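Subject: Structure handover

Hello,

Here is the structure I said I would pass on.

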There are 2 protein chains.
Amino acid sequence: LNPPESLVKILREENNFLILTHTTPDGDAFGSALALKFLLDQLGKKSQVYTEIPVPSQYKFLSGIDYIRDLKELNIDGFNVLILVDCNNLRRISYDKNIIDKLHSFKGKILIIDHHIEDKSSFNSASKELVKWIDSEKAATGILIYYLIKSLEGRITKEIATNLYTAIIVDTGNFQFDNTTEEVLSIATELVRVGAKPSYIYQQCFESWSEKRFKLFTIMLNKLEILPPVAISFISKSDFQATETTESDTERFVEFLRILNNVNISALFREIEPSFIKVSLRSKGEIDVSLIARDFGGGGHKNAAGYRINDTFEGARMRLLERLTYYKLL
Amino acid sequence: LNPPESLVKILREENNFLILTHTTPDGDAFGSALALKFLLDQLGKKSQVYTEIPVPSQYKFLSGIDYIRDLKELNIDGFNVLILVDCNNLRRISYDKNIIDKLHSFKGKILIIDHHIEDKSSFNSASKELVKWIDSEKAATGILIYYLIKSLEGRITKEIATNLYTAIIVDTGNFQFDNTTEEVLSIATELVRVGAKPSYIYQQCFESWSEKRFKLFTIMLNKLEILPPVAISFISKSDFQATETTESDTERFVEFLRILNNVNISALFREIEPSFIKVSLRSKGEIDVSLIARDFGGGGHKNAAGYRINDTFEGARMRLLERLTYYKLL
């Protein structure tokens, strides 16, 4: 797999890269952004990663994580190129309108490196050049970064390997999702050969739950509603408050709800604010939940998708059940 | 890696192989036994696998599973060679004294192919030749079978690949344990290349919980006792009865208890009969729980071990805490 020549050219010719990713960044977002930063270091380029702060505790072990700056303090002056990794529309970068406005005014070149299905909503930008490398067939943006490093003849250091291995296992659910291909396992093998430590990285990403998070998980299980082949649960704002947890503590919860043999689709509703709910969907096999997410203005992949909705839990639940019925999935 | 020449010689020269494994067989036991059977088929040899019946529902998808016969109906007559896979002492094959006595009287050759630490207790046998291939450095017995197939120039068919992939993911916790090496990932890559389907096999092995099993899991979580860095839970015989579940339904439960960031050791006590308890231990990183299991007459690996004890839960719990204190792990 080769990245677009225009993208490689810009990376070779320009200097001073601003690297950004989506809101509530996950292992693929952090791992891809940091691996890219290390590649740019090898090329002798200046770069800076900005994300939402604080970094979730499970990603604090990542090599280079301390270089990340707070997106709230973003200053776009002096950057020639903006690189979006693991997202493909500026509007995914922040919920803060001021930050989005600032990004819309960015006049340099913009590169997009992502494996999500393309967000076709308007791309409002003052940029003079936009290069997209979007491959929704790939399991993780980390895989694209891997090929980018090969194309630019970079070296897969232990630090890069750790970041890319993290990107891969977070987006494949540690090799459990449908996107776990021979290619994914082959790249993972190479990353381990050069120093990535599978069980250590797994423990950091997936076995570093706080007792608070564990309580939240128990609450979710107790609320589980099984309507075969669908499993639904709901975490309210008061659940988050009672357990002193945040949205990032729910990572992997929705996958767990798929564990039952009579369940093919799991849905987790999280109340971020009253009447503002984030919905995560997971499915098994050939069931495509990204169709549903897109009907609600969201996105994702066949087996893992999500959307946001302005409604109560009850309202959002009914609207999801209606869509599931429409697609003959319930 | 090459198997002992004497073992390869016996496989080439003899006919009529009896393949057995340990009690409560898991994915490595079934996967290794069946892959070995398919290899013997390729060599034009007769063979038969006997295990405890019924096969747990999560392994019913395995290619060749229907060839397995009930260990209760074992008849050793006519077999020239007994092959033990995934266990290395006859006493691990059954709890039934009649079956063990029958095996002790077996006069043919015995081959042992296993990755567990060797059980050094006396090997009571009428066998005229015993060949052991025990490599406790390997993640799964399936890895040894893989090398055996290579040595005998067998073909890794899709059926064999599915069985070996199952063996590997069950014993590495789907590539999460410390035994997940470059070798493991490299072999997994080859198995996927020839037809093993990662997400399908994962779902069969790990996401096929019955609602009853799910209830048992919730009961276990509600009883969880966290004594950092140790997490302990207990499933009583009445819990099994109330949920209509059996011991095999607890597979993977103890690994889940390791999910907390302040927990390095998890222990699950399962009451099989009043005052007969099976204990599973799991640890993170360099903590070796097989030492403790061996002190109680059990066995296993550094991060995954177990033992049986004639005691109440309270008694067994105290004795474990005493041992943990002795090893300065608590």
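A:Cys87 is buried, at 3% relative accessibility; here buried means under 20% relative accessible area, exposed means over 50%, and partly exposed lies in between, with a 1.4 Å probe and protein chains only. This is a predicted model, in which local features need pLDDT of at least 70 and side-chain atom pairs count only at pLDDT 80 or more, while totals for chains, interfaces and linings use all residues. Residues are numbered from 1 along each chain as its sequence is written, chains are lettered from A and ligands numbered from 1 in the order in which they are written, and side-chain values use heavy atoms, with hydrogens and water left out.

Cysteines

How many disulfides are there over all chains? The count is zero, a disulfide being a pair of cysteine sulfur atoms within 2.5 Å. For A:Cys87, the nearest cysteine sulfur belongs to A:Cys205 and is 20 Å away. A:Cys205 is also in no disulfide, and its relative accessible area of 3% makes it buried.

Salt bridges

A salt bridge is a side-chain nitrogen of Lys or Arg within 4 Å of a carboxyl oxygen of Asp or Glu. Over all chains, 52 salt bridges are counted by this rule.

B:Lys37 pairs with B:Asp41, with 3.5 Å between the closest N and O atoms. Both residues sit in helix α2 (residues 27-42) of chain B, four residues apart, which is about one turn of the helix. Helices (H or I, at least four residues) and strands (E, at least two) are DSSP runs, numbered from the N terminus. B:Lys37 is buried at 10% relative accessibility, whereas B:Asp41 is partly exposed at 36%.

B:Glu129 and B:Lys109 form a salt bridge of 3.9 Å, N to O. B:Glu129 is in strand β6 (residues 129-134) and B:Lys109 in strand β5 (residues 109-114), so the pair ties together parts of chain B that are 20 residues apart in sequence. B:Glu129 is partly exposed at 29% relative accessibility, and B:Lys109 is buried at 15%.

B:Asp295 is partly exposed, at 38% relative accessible area, and B:Arg323 is buried, at 18%.

In chain A, salt bridges with shared partners join A:Glu14, A:Lys109 and A:Glu129 into one network.

Regards
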